[in-house]
Amino acid sequence: MTQSFRFPDASALTGYAANPLDRLNDLRDDPDRQAQVLREDSTRLVVFCRDKPVLKCGENGASAAFTLEEAFNLGARRELVMLGSNSKRTFFALQLDDSAATLREFADEGPMGETRELVIPGRPDLTIGELRSLALDETLDAEEVGLLGCAKSVLHWHARHRFCSACGAPSQPNSSGWRRDCPTCKAMHFPRTDPVVIMLAVRGDFCLLGRQPRFTKGMYSALAGFLEPGETIENAVRREIQEESGIFLGKVAYFASQPWPFPSSIMIGCIAEALSEEIQMDAAELEDCRWFSRNELKAMFEGCHPDSFGVPQPIAIAHLLMRSWVDGKTPQF
Ligand SMILES: [Zn+2]
């Protein structure tokens with residue numbers, strides 16, 4: 001049983017966070033044991049082609065879990081990563097070579113205006129999905145989505161780090177896919193996660209939200225930005241809010257985090273005490289930025305805001321931050 005199940009903290013409520021696996025750290029540097037586990041009947045693989053998960057679609061719904069034989073028959077392989085095990089089985093992530101899939105053009109545009117899709121030739125029983133939409137439309141259960149998120153991030157890291165960043169020589173995967181080693185200069189490289197701060201600045205009964213031009217119509221969300229080297233989480237929160245809205249912050253409190261596999265971030269959700277009210281918006285980042293009362297936010301969650309303003313999808317940590325503040329469950333200043 002993993003930490004997140006023993007201690008159901010706020011982070012466990014976010015999308016992509018439900019990864020129930022024991023990561024088997026003690027087995028990672030034991031290739032013989034790993035090969036043995038890979039061949040156990042109960043073992044399953046999640047399979048990616050390019051940066052998209054491959055799914056089996058049957059009468060009982062979709063599944064991302066393949067047996068070793070099924071997975072190895074899908075095409076040339078590039079990377080294999082041991083993800084870990086639950087009480088029933090061990091999971092691996094397999095990256096297929098790009099050649100395993102081809103693009104199929106549609107005769108007519110699809111429902112979302114799409115004109116082509118990625119397919120595995122000769123396998124009409126399989127689809128290649130988008131992790132974002134799989135998480136939103138609940139095709140898979142939360143644990144499978146969490147597993148795929150972890151797999152996507154680590155496989156993406158392999159795809160973008162095939163050469164040593166110190167000397168430029170080709171690097172080799174090691175430690176069950178959780179490290180790459182350089183045979184030339186002996187440098188070891190580990191999968192990276194990029195920290196992003198996302199925060200709700202609050203002042204009394206009001207909170208600060210903004211919208212970017214790319215957001216769906218009427219949606220407002222918490223402000224966010226990358227944490228920079230040499231910066232504390234608190235100072236990144238203060239800097240980002242000040243840069244984007246001109247609001248000065250006092251106290252900052254951590255609330256929850258979320259792994260965000262696009263491609264490999266950790267969202268650090270905070271609540272912050274606003275010390276000023278006058279907004280000076282950064283128009284290069286935001287289309288609008290304003291204060292919302294708690295009642296207004298309640299109406300947005302209920303879909304009855306007079307201006308038809310809305311909130312982010314439940315899978316986003318911003319949704320959890322905003323919902324928790326409305327319900328009085330965030331730290332008080
Ligand atoms: Zn090197």
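Tutor: Let's start with one word: a residue is buried if 20 or more other C-beta atoms lie within 10 Å of its own, exposed if 12 or fewer, and partly exposed in between, with C-beta atoms placed from the backbone. What you have here is a predicted model, where local features need pLDDT of at least 70, side-chain atom pairs count only at pLDDT 80 or more, and totals for chains, interfaces and linings use all residues. Residues are numbered from 1 along each chain as its sequence is written.

Student: Which residues is Ile271 in contact with, leaving aside its neighbours within four places in sequence?

Tutor: Contact means that two C-beta atoms, placed from the backbone, lie within 7 Å. Ile271 has Met199, Leu200, Val202, Ala253, Phe255, Trp325, Thr330 and Pro331 as such partners. Take Ala253: it sits 18 residues from Ile271 in sequence, yet their C-alpha atoms are 5.3 Å apart.

Student: Which residues in α8 are buried?

Tutor: Ile317, Ala318, Leu320, Leu321 and Met322. The buried residues of α8 pack against β12 (194–203), β15 (249–260), β16 and α7. Just after α8 comes Gly328, with a positive phi of about 70°.

Student: Why are α7 and α8 called oblique to each other?

Tutor: Look at the angle: the axes of α7 (residues 294–301) and α8 (residues 317–326) come within 10 Å and cross at roughly 125°. Angles under 35 degrees count as roughly parallel, over 145 as roughly antiparallel, 65 to 115 as roughly perpendicular and the rest as oblique. The angle falls in "the rest", so α7 and α8 are oblique.

Student: Which residues make the contact?

Tutor: From α7 come Arg294, Leu297, Lys298 and Phe301, and from α8 come Met322, Arg323 and Val326.

Student: How do you know that β9 and β11 are edge strands?

Tutor: Strands pair if DSSP finds at least two bridges between them. Three strands form an open, antiparallel sheet in the order β9-β10-β11. Both β9 (172–174) and β11 (188–189) pair on one side only, which makes them the edges. Strand β10 (residues 179–181) joins β11 over two bridges, which meets the cut-off of at least two. Across that pairing, Asp181 stands opposite Met188 in β11.

Definitions and conventions: Axes fitted to C-alpha atoms, helices over the stretch in contact; angles between N-to-C directions. Helix = DSSP H or I, 4+ residues; strand = E, 2+ residues; numbered from the N terminus.
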